[in-house]
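Here are my notes on the model, point by point. Please read them with the structure open.

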Protein chains: 2
Amino acid sequence: MPVPASVTVGTGQYLVTGQLSVTLAGYSEPRLVRARERFMQTLTRETGIPFLPDASANSGSFEVKTAGPSAAIQELGEDESYRLEVTPQAIHLTAPNPLGTMHGLQTVLQLVQITPQGFAIPAVTINDKPRFAWRGLMIDSGRHFIPLPVILRNLDAMEAVKLNVFHWHLSEDQGFRVESKVFPLLQKKGSDGLFYTQEEIKRTIEYARDRGIRVIPEFDMPGHAMAWFVGYPNLASGKGPYEIERHWGVFDPAMDPTRESTYQFLDKFFGEMTALFPDHYFHIGGDECNGKEWDASPRIQAFMKEHKLKDDAALQAYFTGRVQKLVSSRHKIVEGWDEVLQPDTPKDVVIQSWRGRDSLLDAAKRGYRGLLSNGYYIDLNQSAEQHYLVDPIGDIGDKLTAEQKASILGGEATMWAEFTTGEIIDSRIWPRTAAIAERYWSAESVRDVESMYRRMAITGQKLEAYGITNSATSEHMLERMSGDPNPVALRVLASVVQPPKEYARGDMRDYTSQTPLNHLVDAVSPESETGREFGLICERIAAGKASPEDWHRAHSWLELWRDNDAHLQPMLGRSEITQELIPVSASVKQSAEIGLRALDLLQQAQTFPTASAQTADLAFLAEAKKPQAVLLQMVAPGVETLVKAEKLAGGGSQ
Amino acid sequence: MPVPASVTVGTGQYLVTGQLSVTLAGYSEPRLVRARERFMQTLTRETGIPFLPDASANSGSFEVKTAGPSAAIQELGEDESYRLEVTPQAIHLTAPNPLGTMHGLQTVLQLVQITPQGFAIPAVTINDKPRFAWRGLMIDSGRHFIPLPVILRNLDAMEAVKLNVFHWHLSEDQGFRVESKVFPLLQKKGSDGLFYTQEEIKRTIEYARDRGIRVIPEFDMPGHAMAWFVGYPNLASGKGPYEIERHWGVFDPAMDPTRESTYQFLDKFFGEMTALFPDHYFHIGGDECNGKEWDASPRIQAFMKEHKLKDDAALQAYFTGRVQKLVSSRHKIVEGWDEVLQPDTPKDVVIQSWRGRDSLLDAAKRGYRGLLSNGYYIDLNQSAEQHYLVDPIGDIGDKLTAEQKASILGGEATMWAEFTTGEIIDSRIWPRTAAIAERYWSAESVRDVESMYRRMAITGQKLEAYGITNSATSEHMLERMSGDPNPVALRVLASVVQPPKEYARGDMRDYTSQTPLNHLVDAVSPESETGREFGLICERIAAGKASPEDWHRAHSWLELWRDNDAHLQPMLGRSEITQELIPVSASVKQSAEIGLRALDLLQQAQTFPTASAQTADLAFLAEAKKPQAVLLQMVAPGVETLVKAEKLAGGGSQ
């Protein structure tokens, strides 16, 4: 995962033993030596086999040949192809440059599997290259600060699935996260002490480059910038004073586009930051500026009148135009969210669409390059399937010329951080982002959802060898919230609940940046795998296509969930955090009881004794499907399928 | 854990909220500021509550007052006491020096628990200090190299349970693990590239000092030193050539005690290493030199004759005497294993007893200071109970004067590394070493085994917040060996097996340092908690003292184990690593069947239908208790208790 462009399966397999060593041939550079070292280390974690650092015994069994260097600063659209040949005797990896080599090494790591003969790589010939040149993951370090080690291990995981752009959202109303030496009050007053030093930024960029990943910083402006104003209130359009925002949402404060001092400040700031971040692209945000501070300022209103700027959008366009020139003068290409696209936006600006494919279509038709993020908002707890089936081009392809199509560069998964922290972010991003990475890399025709889920589960397991901590963190949190070193029954409940989707959570409770994210909703993955499997089984049962194994699993799961409540209830009240789960567990129990009843009726091809009993069950399930304790329980949807199937079956036989 | 010297329970509890902040009063130094920072970070991991770095809102709610500094280089026997007062309103911690302060902070972290009101610390007054001044953990980095991050997180865990000596076994036949600048071939030829740089050593010592832990290096000589001879063959008594040893055991090569060049080398070496390691104590090993190289060398034999050294022990005593002088001249006190104790050993040498309490008694009577490691060999997979009940003084106390008693400084848990790697060492050391730490810190009368197991489980959970990875690593390994992202049935088997005890494993297969430690025996903890609990339940049933809950658990566990084999068998053959588990799983199944039968008979107060049926069952169980696939299955012992109980019951009713 992602599926390569071309795969030819051979005969036999290459056995991985402690004798394996990797020879680098052709072009060489320290980055390749480090890539080899990393490969061996990951291979050890993947297999438990120790490899001696200076193993030379069987050298040449794995030959890596790189033709030449890649660009000194990684560029959009560089050749990332590689060719991999595995036979029972040897592995050969060739690539035009280190980017392809690194991708090929990751493919080898993915191919390793345990077999009756030991760890092995199936004989195979792969010719591979990406479909899109821009395959990104955005992490929002603004709303919650994400510690550096967490960022670094996510870069490791990005490398594993061949993502090549790390878009780093570094400033927000809730925090300014980079050390500025020119304007030190940015971090001193705007970060609660939680920011990355310039040394750490440099280290991260090096680390990313070592993994074939570009780092693009985003400094969001003119809105989403409250944290800047704590130290530099004159940048703002209002009177202040400003404080670091602790709540979530869209807020009024915005930079003042009418003062020359704003641009003088930004010019110096860009000078510092464009030097710190070597990538050719520079993200200026531009989203969700509500203009209220502008509307409230007579001075700004006068300026708009004078400059014939008819509304806030026009004023923002004026601002963006000025900012774009400042950034361009530093030899950078500006990237921004949909809102930066205005009638006279310069043609080299790259549009990142959070609003939808329509604005991407619009941009492409007008000659702009763009990338899609709408549909890849991994913070919204949608299913991996939903993200997977969104294509950056898809059905708008027909409406575009070949050239316009080529202007759609790819996409980015976006990890907004209202409801994530360094502790839990891994499980919010992974393994689901592997499915999105496949969308960006593999052919558009690769769309088999069941295959995706199967492979994603294996990828999730592989990512543990890269330090991604999903299951460990979840287990730790369950123990923590219950005070029980072995919370068996809580684990059962955890396996069938998931967070509410989209923006529902923020509406349910009053969350701030200081709210502990230590509840069950934070410990479980965005999509309940057990709930999903149960739902599929119920659909097969309802459709009369279930196997005996399906019937058996549905039955034993429903019994487990029914009986679990009795084990769980006595302990839930002992912890402030688990108290709220009392009704959730009861709801799961009742749903399971209904499910068992429906299953029995279906098995005996009988209908509900009375229609009203069925109606009552459906009414209960409709309620049970609503969020409780900021959680969706995923037993009810499957059971509903069973109860409705019973109705259909009954309808037929009556 | 460890239980404090004096505890007075108060009324109510102190609620931990995001407002908590810690004020340092009295004496201050950077180490205390870092200790506070670490405290806040651990508290966040323990609770999920974010604390702002510059929180000043509710400052003073936790006041820490340190009277004065501790020694510049931490000394044996420094005051480590502290006083902690928790009321619902505030926390007060006072200590004479930072060592006590750090211990007190760890006690606070241990007291935090989840309650119906939230995370809280019960109101309490504690006056605490250790029973023994020397509370150590030895890690053998020689046999398997243990990466630095693993060492560091084990120092974190040591701090958590108030251990204060990290004894670092740094050279072995299988590897020399420290960078020497004076004799660089030591690591260049003797380590496979796996060694700690001097910078890393310094960092580790600083890290340990920050946690109130002394670091004592051990360079084992004259035996266990083959890795030295690869680069410096003239140090050895034989002709060589020497290679890094790949096997485990006691080998013949030994340093040459007869050449002056040996002492010249060691003098320079000690010069470098005593400067690198600031602790006042320096460990020279001295164990298990078999003298065979000496016996085989006419030159050495002639030397012995000339110097009237009647046997190898006398020659080693001569060597130790010379070495001791060299070390003493660097103002260090020598520590060594039992063997260094000879008739004329200088009185300040500290004896670390691996052989037993008798040699400790002998040493104490002769005026030597000593510490106990026999009984604390955590690599031997004995039960935590066994280690816990070994006291450094215990029954030899009666045979000693008060002064002699005081010469027993404490003890050290020893983690020898034949069967451990950086990946799995956490689970070999923790949480069992917490029980040993309690032995060293708490009163001799603290010996309630069930209380120890209960608290040890909670401590194990707490240690996750310190980065200890037991359950995560075990889960990762089960997935890896099975290739299954959710190996449910393998987990069930894993919960009832444990490694064979003492030195049995090495006799079962031909292990070398290159053998992958990636089998089930490596993934499970040294003591099966489920097996232990099941055994206790069976004993209660056999004794007629079981509760209905006991009967229920025994029954449902036995059913689970009986049925598990059918789920597990189809997958075991798919992996080279799990193939060997086929008979183990079958043996668990059969044992469970016997157990269920016995349980039924006991429940109905009936005897076996025929005596021969019972005899056959006992014969099967006797076989089932033997190691298979380098594993003990822990269902059979409990079932045996049931079957024998059935016999007794039968005997009574016939």
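**Notes on the predicted model**

1. Helix H21 (residues 529-542) of chain A has 14 residues and spans 20 Å from first C-alpha to last, close to the 20 Å expected at 1.5 Å a residue. That expected span is 1.5 Å times one less than the number of residues. Helices (H or I, at least four residues) and strands (E, at least two) are DSSP runs, numbered from the N terminus. This is a predicted model: local features need pLDDT of at least 70, side-chain atom pairs count only at pLDDT 80 or more, and totals for chains, interfaces and linings use all residues. Residues are numbered from 1 along each chain as its sequence is written, chains are lettered from A and ligands numbered from 1 in the order written, and side-chain values use heavy atoms, without hydrogens and water.

2. Buried residues in H21(A) include Phe534(A), Ile537(A) and Ile541(A). Buried means under 20% relative accessible area, exposed over 50%, partly exposed in between (1.4 Å probe, protein chains only). Gly544(A) follows the helix, with a positive phi near 70°.

3. Most residues other than glycine have a negative phi, and most peptide bonds are trans. Glu502(B) has phi near 55° and is partly exposed at 45% relative accessibility. Val630(B) also has phi near 55°, but is buried at 3%.

4. Two peptide bonds deserve a look. Met221(A) to Pro222(A) is cis, with omega near 0°. Trp430(B) to Pro431(B) is cis, with omega near 0°. Pro431(B) sits in the loop between helix H14 (425-429) and helix H15 (432-441) of chain B.
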